[in-house]
Amino acid sequence: MCELPARVAEACTLPTAERPTRSAEWGAIFREVLSTDSLGAQRGRLAFREDAALETWVRDLVSKETACCSFFTFEFGEGVDAAGAQTMTLDVSVPPSRSAVLHAFLGWAEDVRTGRVRVA
């Protein structure tokens, strides 16, 4: 089971009963992450392989997340990985008061990506 990190859970406005499902959705998305990067105290980036179905899936989850946690701002873009392949990027930013939440979110993504946290 992939659980929300404490800092993320503290800031979450999603009803408690819906959190396990949302946590599982993020966990599944994080398995698709190629890399995570901190771009400062208030901004981070997730990179994914370029794939239309994956982009639709991520956009759907981002839409749901924005509805309950309006302090997150998500911006899609394009990048290139170390091998020169096109990637989809998701920049995540927060106001200064939520920087700890952002870094917990990025750490969670990295832990799932690297297998330190298992997703059911």
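Me: What keeps C69 from bonding to the closest cysteine sulfur?
Reply: Distance: the sulfur of C69 is 3.6 Å from the closest one, in C68, which is too far for a bond. A disulfide here is a pair of cysteine sulfur atoms within 2.5 Å, and by this rule the count comes to 0.

Me: Ok, and where did these numbers come from?
Reply: This is a predicted model, where local features need pLDDT of at least 70 and side-chain atom pairs count only at pLDDT 80 or more, while totals for chains, interfaces and linings use all residues. Residues are numbered from 1 along each chain as its sequence is written, and side-chain values use heavy atoms, with hydrogens and water left out.

Me: Back to the cysteines: is C69 buried or exposed?
Reply: C69 is buried, at 2% relative accessibility. C68 counts as buried too, at 14%. The cut-offs are under 20% relative accessible area for buried, over 50% for exposed and partly exposed in between, with a 1.4 Å probe and protein chains only.

Me: New topic, the sheet. What's the strand order?
Reply: β1-β2-β4-β3, an open sheet of 4 strands with antiparallel pairing. The edge strands are β1 and β3, each pairing on one side only. On average, neighbouring strands are turned by 25 degrees against each other, direction ignored. Strands are DSSP runs of E with at least two residues, helices are runs of H or I with at least four, and both are numbered from the N terminus. Two strands pair if DSSP finds at least two bridges between them.

Me: Which helix packs on that sheet?
Reply: Helix α3, residues 52–68, touching β2, β3 and β4. Its direction makes about 160 degrees with that of β3. Axes are lines fitted to C-alpha atoms, for helices over the stretch in contact, and angles run from 0 to 180 degrees between N-to-C directions. Contact means heavy atoms within 4.5 Å.

Me: How many bridges join β3 to β4?
Reply: 8, between residues 73–80 and residues 86–93, running antiparallel. E78 has M88 in β4 as its bridge partner. The hairpin has 5 residues between the strands, and G84 takes a positive phi near 90 degrees.

Me: And the β1 and β2 hairpin, which glycine sits in the turn?
Reply: G40, with a positive phi of about 125 degrees; 4 residues lie between the strands. β1 (residues 33–38) and β2 (residues 43–49) pair over 5 bridges, antiparallel. T36 is partnered with L46, and V33 with F48.

Me: What's buried in α4?
Reply: V101, L102, A104, F105, L106, W108, A109, E110 and V112.

Me: What about α2, how far does it reach?
Reply: α2, residues 19–30, reaches 16 Å from its first C-alpha to its last, close to the 16 Å expected. Its buried residues include R19, R22, W26 and F30.

Me: What does A28 touch, beyond its neighbours within four places in sequence?
Reply: W57 and V119. A28 is found in α2 and is buried, with a relative accessible area of 12%. The C-alpha atoms of A28 and A109 are separated by 9.9 Å, though the two residues are 81 residues apart along the chain.

How values were computed. Expected span 1.5 Å × (residues − 1).
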